[in-house]
Amino acid sequence: MNYYIGVDVGTTSTKAVLYDEGARVIDHFNQGYELYRDSNGMAEQDPEDIVTAVERVIHDATQRIDFAHERLLAVAFSSANQSLLLMDRHFTPLTRVITWADTRAQDAARDLKHSPRGKQLYVRTGTPIHPMSLLTKLLWLKKTSPEILDASAHISGIKSYLFYRFFNTFKVDISIASCTGMMNINRGDWDDLAMEVTGVGVDRLPTIVSGTSQALGLTKEAQEKMGIPADTPFVYGAFDGALSNLGVGALKPDTVAITIGTSAGVRVITDHPVIDPHERLFCYAVDRGSWVVGGPLNNGGDVYQWAVRHLVTPSAVANEQTDPYTLANEVIAGEPAGANGLIFLPFLGGERAPLWDSNARGTFFGLNNLHTRADMLRAVMEGITMNIATVFAAVCDLVGQPTSVTATGGFARSAVWRQMLADVLNCPVNIPQSFESGCLGAVTMAMKSRGAVDSLDVVKDFIGRELLYQPDPQAVAVYQQFLPLFQQVEGLLTPAYASIARLQRKD
């Protein structure tokens, strides 16, 4: 038997999935690490933690392989996008990894967004002007820490750093490059205007390559720590959102992929760049000749975790002899759609799409003395889902109404949430059996890279059984009343977000 390993480098952990040649899952592996945060919007990782985690999960996966009789055909990578790492000329990090979740570039993003160049850059790069992007992070560093920026000889995200550590090569796949806000979406190369605005030359950035490109010749240190042969090809892959689309077979404009994990995303793949005139959505390259249009949301499963942590009491969990999430789902399933007239805006971590406002904050609206913790739990899950529905509507406006929706992520473990998504969207929702769509997408790219398959469409043969959820007409009628109110309240509160965020930061 021969194998592939799909690696997904995330915000708080790195996962690896060991597959056989037919893309059947053999085993899963996970290694967590800390995300360093503070009240000023910092969200950083230690790059050495990431290197160690990747080495560990690959090493653990290879313990299932008998290299005397079996082969590891390739290791393929998915990763979170929009991370920034500054390095000196020896590729020694000068900073920690500044992640997509870091909002300290909000002033730089605001100033750029309201300048004539902001619109130009969005149209040229497909990246909304927001603190998440490398472009705005570089502008922030240029103003606040110019000495560090000036001292840097190499600028990249975490995936390029990993490949440098493992192969002594400085490259980036076109998908990750496209998410930086510095790559021209039409040319597939670093954008001249972005270079001019940031003052960063192409010589400090990695070379852009196809996602099916291979790196060969593992360093001796990497070989020893991973326990794999030096000639094992590592395939660059793409960013996690694009690979989630691939991993669920959502490869055409008629199929929208939705992911609800720690954060969330709504995406559709097209064969040409599509730029939103209202600047609500991104347009990133997946690989040469393929683009993904959609919106990322900061607030997904992490908001639900917050609600369960604060609204489900330990005594209730002990009485029911269950875990808090199972109990919360049972409580929510027993509540009516609409949470008895309670609306929750889930912006605990600011928000990207559809607001693109890092100052956005969460709100319970309509709360009265008849509401209970059960209503609040239901409202939180509904609020996350209705926020996703606003991005879904924007995608439909731009690309057209889909014939199907495929959804993945940790939310899929909750039957009540799966049904709720179909009801709020008023659209049938398919739930694939495999939750790790990013790793499967990466491995499919590795298969194409090796010539084992002719087309990425083969992934549809790997997905396996799907669950189909049809909208409940009664719940749909309720949510069609609540969605406009959700959006109205969101619009009314938007002008106040900057003031409350400033008070919370204690500026």
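**A look at the spaces inside**

Analyst: Let's begin with what surrounds the largest cavity: its lining is made up of 10 nonpolar residues, eight polar ones and one charged residue. Keep in mind that this is a predicted model. The volume of the largest cavity is about 120 Å³. Altogether 19 residues line the largest cavity, and those closest to its centre are Ser156, Gly157, Val172, Ile176 and Thr180. If you want to find the spot in the 3D view, those five names are a handy place to begin.

Helix 6 gives the most, with three residues.

How many cavities of 30 Å³ or more are there? The count comes to three. The second largest cavity holds about 60 Å³ of space. Around the second largest cavity you will find Val9, Gly10, Thr11, Gln45, Ala80, Asn81, Ser83, Thr99, Trp100 and Ile158. Sorted by class, this lining has four nonpolar and six polar residues, and no charged ones. For the largest cavity, remember, the lining does include one charged residue.

Helix 2 (106-113) and helix 18 (497-505) each supply at least two residues of the lining of the second largest pocket. Helix 2 gives the most here, with five residues. What classes of residue make up the lining of the second largest pocket? Seven are nonpolar, eight are polar and eight are charged.

To finish, here is a place where two helices meet. The axes of helix 11 (residues 301-311) and helix 13 (residues 324-333) come within 10 Å and cross at roughly 95°. On the helix 11 side, the contact is made by Tyr304, Gln305 and Val308; on the helix 13 side, by Pro324, Tyr325, Ala328, Asn329 and Ile332. By class, this contact has six nonpolar residues, two polar residues and no charged residues.

Definitions and conventions: Residues are numbered from 1 along each chain as its sequence is written. This is a predicted model: local features need pLDDT of at least 70, side-chain atom pairs count only at pLDDT 80 or more; totals for chains, interfaces and linings use all residues. Side-chain values use heavy atoms; hydrogens and water are left out. Axes are lines fitted to C-alpha atoms, for helices over the stretch in contact, and angles run from 0 to 180 degrees between N-to-C directions. Helices (H or I, at least four residues) and strands (E, at least two) are DSSP runs, numbered from the N terminus. Contact means heavy atoms within 4.5 Å. Ala, Val, Leu, Ile, Met, Phe, Trp, Tyr, Cys and Pro count as nonpolar, Asp, Glu, Lys and Arg as charged, and the others, Gly among them, as polar. On a 1 Å grid over the protein atoms alone, a cavity is a set of points where a 1.4 Å probe fits but cannot get out, and a pocket is an open set with protein on both sides within 12 Å along at least five of seven lines; lining residues have an atom within 4 Å of a point. Grid points are joined across faces, edges and corners, and a volume is the space filled by probe spheres set on the points.
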